[in-house]
Amino acid sequence: MWRECSYGFPQEDQHFANCVAGLETPLETGEDGRATLEIIFAAYESAGTGRKVALPFAPPAGKRPIELWLR
């Protein structure tokens, strides 16, 4: 029998709604989000070039993230 797996998303959504309503404090910070995006952009660059990319990573000016992957 198939069982639905939530993978935590309902809890994440509820936490977000509670934060917006002022009932909870966010578990993550803007700096956490920035670091996550840096890793993702570095992964796109690595996938696009086929090379290792060192962190910290700064994408080339004027490039959209998808342009790091699609060459």
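Glu31 is exposed, at a relative accessible area of 51%; here exposed means over 50%, buried under 20% and partly exposed in between (1.4 Å probe, protein chains only). You are looking at a predicted model, where local features need pLDDT of at least 70 and side-chain atom pairs count only at pLDDT 80 or more, while totals for chains, interfaces and linings use all residues. Residues are numbered from 1 along each chain as its sequence is written, and side-chain values use heavy atoms, with hydrogens and water left out.

**Overall build**

- The protein has three helices and zero strands, and its pattern along the sequence reads α-α-α. Helices (H or I, at least four residues) and strands (E, at least two) are DSSP runs numbered from the N terminus.
- Of the 71 residues in the protein, 11% are buried.
- The accessible surface amounts to about 6,100 Å², and carbon and sulfur atoms hold 61% of that. These areas come from the Shrake-Rupley method with a 1.4 Å probe; for residues, only the protein chains shown count as cover.
- Among contacts with a separation of 6 or more, 14% are between residues 24 or more positions apart. A contact means heavy atoms within 4.5 Å.

- How many salt bridges does the count come to? It comes to three, a salt bridge being a side-chain nitrogen of Lys or Arg within 4 Å of a carboxyl oxygen of Asp or Glu.
- Glu31, Arg34 and Glu38 are linked in a network of these bridges.
- Glu31 pairs with Arg34 at 3.8 Å, N to O; both residues lie in helix 2, three residues apart, or about one turn of the helix.
- Arg34 also bridges to Glu38, with the closest N and O atoms 3.4 Å apart. Arg34 and Glu38 are separated by about one helical turn because they sit four residues apart in helix 2.

**Around helix 3**

- Glu67 lies in helix 3 and is partly exposed, with 27% relative accessible area.
- Glu67 and Arg64 meet through their side chains in a salt bridge (3.6 Å, N to O), and Arg64 is exposed at 51%.
- The Glu67 side chain also reaches the backbone nitrogen of Arg64, at 2.8 Å.
- Tyr44 and Glu67 are 23 residues apart in sequence, yet their C-alpha atoms are 8.4 Å apart in space.
- Ile66 belongs to helix 3, which spans residues 65-69, and is partly exposed at 37%.
- Together with Trp69 and Leu70, Ile66 forms a nonpolar surface patch of about 310 Å² accessible area. Patches are made of residues with over 30% relative accessible area and no salt bridge; like charges are joined within 9 Å, and nonpolar side chains (Val, Leu, Ile, Met, Phe, Trp, Tyr) within 5 Å.

**Two more stops on the tour**

- His15, in helix 1 (residues 9-20), counts as buried at 18% relative accessibility. Leaving aside residues up to four places away in sequence, His15 touches Glu24, Thr25, Pro26 and Leu27.
- Which residues does a cis peptide bond join? It joins Leu55 and Pro56, with omega at about 0°. For context, most peptide bonds are trans. Pro56 falls in the loop between helix 2 (30-49) and helix 3.

Terms used: A polar contact is a pair of N or O atoms within 3.5 Å; within protein, one must be able to donate a hydrogen and the other to accept it, and residues adjacent in sequence count only if both atoms are side-chain atoms.
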